[in-house]
Amino acid sequence: MSSDPNDRMRKRDLVRPMTTSTAAKRVFVKSYGCQMNVYDAERMTDVLDREGYKATDTFETADLIILNTCHIREKAADKVYSELGRLRELKKTRLEAGSDLKIVVAGCVAQAEGQDILRRAPAVDLVVGPQSYQNLPELLAKTTKKRTVDTEFPVDDKFKSLPSPSHDRAKARGVSAFVTIQEGCDKFCTFCVVPYTRGSEYSRPVVEVIDEVKRLADVGVREVTLLGQNVNAYHGLDDKGRSTSLGQLLSHVSEISGIERIRYTTSHPLEMDENLANAHRDIPEVMPYLHLPVQSGSDKILEAMNRRHKIHDYIDAITMMRNKRPDIAFSSDFIVGFPGETEEDFAATISLVEQVGFASAYTFKYSIRPGTPASEMDNQIPEEIKDRRLHALQALIAKQQRAYQDRMVGQTLDVLVERKGKHPGQMAGKSPHLLAVAFEAPAAYIGHIVKVRITDSVTNSLVGTLVN
Ligand code: SAH
Ligand code: SF4
Ligand code: F3S
């Protein structure tokens with residue numbers, strides 16, 4: 001059974017009293033996909049806050065629902081249409097009761113399918129692509145007259161036009177925050193839709209990033225994760241118009257008072273440079289963790305994927321990072337069943353995983369995406385072979401992940417306390433290597449880095465006791 005609270009939606013819950021001019025309107029942004037969508041959801045909420053919309057987290061309590069969608073795999077894109085089917089019923093019930101509900105499709109499906117969404121889903125009022133969120137108020141106003149689509153890539157910088165959150169809202173979001181510093185991709189891996197849904201690579205200027213992180217630090221944020229589809233290709237301009245690398249940016253961010261931890265994701269093996277490796281060695285705030293997707297352990301498959309590097313380049317990058325920061329933990333993304341992948345190619349992936357040793361990894365079955373070069377390759381792999389390879393790879397990674405976690409038992413770790421834990425009196429936080437840790441402590445410790453002695457390793461988290 002699904003744990004999604006919206007699945008428990010009942011007809012009697014569907015009618016929300018008509019919004020009067022005095023009652024605040026409510027918006028629910030439901031996000032799918034990557035962390036960049038989580039960041040965008042916050043920006044959309046901020047822009048709508050100025051229009052009098054308060055955030056809510058259920059369909060039933062919302063006057064405006066924004067599905068912030070993901071197009072990366074077929075399953076992700078399909079989810080949107082099943083959700084829209086349910087929302088159509090909700091909208092119908094609302095209209096019958098004399099109140100209204102606006103439905104917006106945002107995110108990467110919006111960008112990829114545009115007008116088609118209006119055709120397929122009659123309940124949708126607005127389709128808005130990721131580069132146009134600053135126009136949300138005007139676009140919503142337009143929908144009172146007609147159903148609307150905006151999937152332009154505007155020339156003006158959307159980041160500049162999107163407002164920062166209010167002090168209270170920023171504070172409520174917690175001590176760890178995402179900041180998009182780079183968006184879009186020019187790499188065109190043959191399986192991937194991102195270059196089409198997010199456009200070409202763009203790096204935000206250094207001051208803009210620094211100002212945003214400073215504002216977050218002022219409301220109690222202690223950890224920032226800098227986001228980008230190719231975050232290590234970051235080359236934003238500084239105030240003198242000079243191109244700045246990710247390594248240099250990390251150094252600037254580390255100087256911001258209050259910021260104690262910095263992470264970044266997602267990196268591309270082709271863009272790993274020594275400057276970034278040095279940042280891990282020299283800057284204590286830069287956490288010893290690197291998400292470095294490799295996709296496959298076979299040079300032949302990497303070439304067919306247009307990843308533009310070989311396995312030895314990946315190993316070189318891992319070795320360079322380990323030389324600078326011996327305790328660094330690695331995670332990765334893998335695709336199994338890419339067109340033409342033989343048993344031998346898959347065996348090479350398994351042996352790469354064995355060679356590197358990952359603290360964590362995401363594994364996916366290759367999914368045909370319309371419009372991408374790989375979708376037209378004729379040596380597609382049958383579903384049952386993909387399933388078998390996926391299970392084998394997942395079993396190996398689960399074993400490595402658990403072994404990595406288990407090695408922490410008996411050690412004392414620095415834990416950033418993020419929130420209350422599952423059980424009364426318990427707090428939850430993360431270790432430098434991104435392991436979840438639960439332990440007993442007062443709630444006043446949220447936002448502090450404390451020492452926790454690890455006593456136990458359970459599924460997906462560590463358990464420990466506070467030291468001093
Ligand atoms: N920019 C990042 C990845 C962004 S997409 C990089 O280059 O590594 C996140 C992950 O989704 C990818 O790393 C890949 O493993 C997976 N993915 C992307 N397209 C896919 C597809 N068509 N089928 C299956 N997995 C896919
Ligand atoms: Fe997609 Fe490749 Fe760009 Fe990553 S680098 S976003 S996988 S095209
Ligand atoms: Fe999905 Fe778009 Fe992110 S396709 S993974 S939401 S960039």
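A contact here means heavy atoms within 4.5 Å. This is a predicted model in which local features need pLDDT of at least 70 and side-chain atom pairs count only at pLDDT 80 or more, while totals for chains, interfaces and linings use all residues. Residues are numbered from 1 along each chain as its sequence is written, chains are lettered from A and ligands numbered from 1 in the order in which they are written, and side-chain values use heavy atoms, leaving out hydrogens and water.

**Whole chain**

Start with the protein chain. Among its contacts between residues at least 6 apart in sequence, 71% join residues at least 24 apart. Colour by secondary structure to see 15 helices and 19 strands; helices (H or I, at least four residues) and strands (E, at least two) are DSSP runs, numbered from the N terminus. Of the 468 residues, 54% are buried, that is, under 20% relative accessible area; exposed is over 50% and partly exposed in between (1.4 Å probe, protein chains only). The C-alpha trace spans about 65 × 60 × 55 Å along its principal axes.

**Helix H14**

Select residues 343-356, helix H14. At 1.5 Å a residue its 14 residues should span 20 Å, and the end C-alpha atoms are 20 Å apart, which agrees; the expected span is 1.5 Å times one less than the number of residues. Show side chains next: Asp345, Phe346, Thr349, Ile350, Leu352, Val353 and Val356 are the buried residues of H14. They cover an arc of only 155° around the axis, which puts them on the same side of H14; the arc is that of the directions from the helix axis to the C-beta atoms. The cover over these buried residues includes helix H12 (299-304), helix H13 (311-324), strand E13 (329-336) and helix H15 (383-406). Turn to the face away from the buried side for the exposed Glu344, Glu354 and Gln355. Just after H14, glycine 357 has a positive phi of about 80°.

**Arginine 325**

Move to the loop between H13 and E13, where arginine 325 lies. At 22% relative accessibility, arginine 325 counts as partly exposed. Arginine 325 touches His280, Val286 and Pro288, leaving aside residues up to four places away in sequence. Proline 288 is 37 residues from arginine 325 in sequence and 7.1 Å away in space, C-alpha to C-alpha.

**Ligand 3**

Finish by selecting ligand 3 and the residues with a heavy atom within 4 Å of it. These residues are Cys34, Asn37, Thr69, Cys70, His71, Ile72, Cys108, Arg198 and Gln229.
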